[in-house]
Amino acid sequence: MLNISKTTNLSGNSTIGAETAATMYAVISEDGSVNISANTCNTELAAKNKETVRNDIAAFQEAVYAAQDQFQKELQQKEA
């Protein structure tokens, strides 16, 4: 039996100048659960710009949580 689920995917990059220091990914599942990951692409660049990269990751997380809240709100409206 085929089961299909709807997900929302988000991605982001922490860039310093023209170089990417880190990438972030998130998946919001149909049930509203969320999975967020961050990967360092350029360890040296990320280490030299630690505060910027961490701020970018935090901003990405906030954007994901806002999308998750919106997703859950829409789901509740459909169920009402």
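The structure is a predicted model, in which local features need pLDDT of at least 70 and side-chain atom pairs count only at pLDDT 80 or more, while totals for chains, interfaces and linings use all residues. Residues are numbered from 1 along each chain as its sequence is written, and side-chain values use heavy atoms, with hydrogens and water left out.

Helices and strands were taken as DSSP runs numbered from the N terminus, a helix being H or I over at least four residues and a strand being E over at least two. Two strands were regarded as paired if DSSP finds at least two bridges between them. Strand β1 (residues 8-16) pairs in the antiparallel sense with strand β2 (residues 19-28), over nine bridges. Within this pairing, Asn-13 has Thr-23 of β2 as its bridge partner. Two residues lie between the strands of this hairpin, and Gly-17 there takes a positive phi near 65 degrees. Strand β2 is also joined to strand β3 (residues 34-40), again antiparallel, by seven bridges. Here the bridge partner of Val-27 is Asn-35 in β3. The hairpin of β2 and β3 has five residues between its strands, and Gly-32 in the turn has a positive phi of about 95 degrees. In a regular strand, side chains alternate between the two faces of the sheet.

Ser-14 is placed in strand β1. Buried denotes a relative accessible area under 20%, exposed over 50%, and partly exposed the range in between, with a 1.4 Å probe and protein chains only. Ser-14 counts as buried because its relative accessibility is 0%. Contact means heavy atoms within 4.5 Å. Beyond its neighbours within four places in sequence, Ser-14 is in contact with several residues, among them Glu-19, Thr-20, Met-24, Thr-52 and Val-53. The side chain of Ser-14 also makes a polar contact with that of Asp-56, at 2.6 Å. A polar contact is a pair of N or O atoms within 3.5 Å; within protein, one must be able to donate a hydrogen and the other to accept it, and residues adjacent in sequence count only if both atoms are side-chain atoms.

Phe-60 is located in helix α2. Phe-60 is buried, as its relative accessible area is 9%. The C-alpha atoms of Phe-60 and Asn-13 are 8.9 Å apart in space, although the two residues are 47 residues apart in sequence. Not counting residues up to four places away in sequence, Phe-60 touches Leu-10, Ser-11, Gly-12, Met-24, Tyr-25, Ala-26 and Ile-36.

Ala-67 also lies in helix α2 (residues 50-79). Ala-67 counts as partly exposed because its relative accessibility is 24%. With the same exclusion of residues up to four places away, Ala-67 touches Leu-10 and Ile-28.
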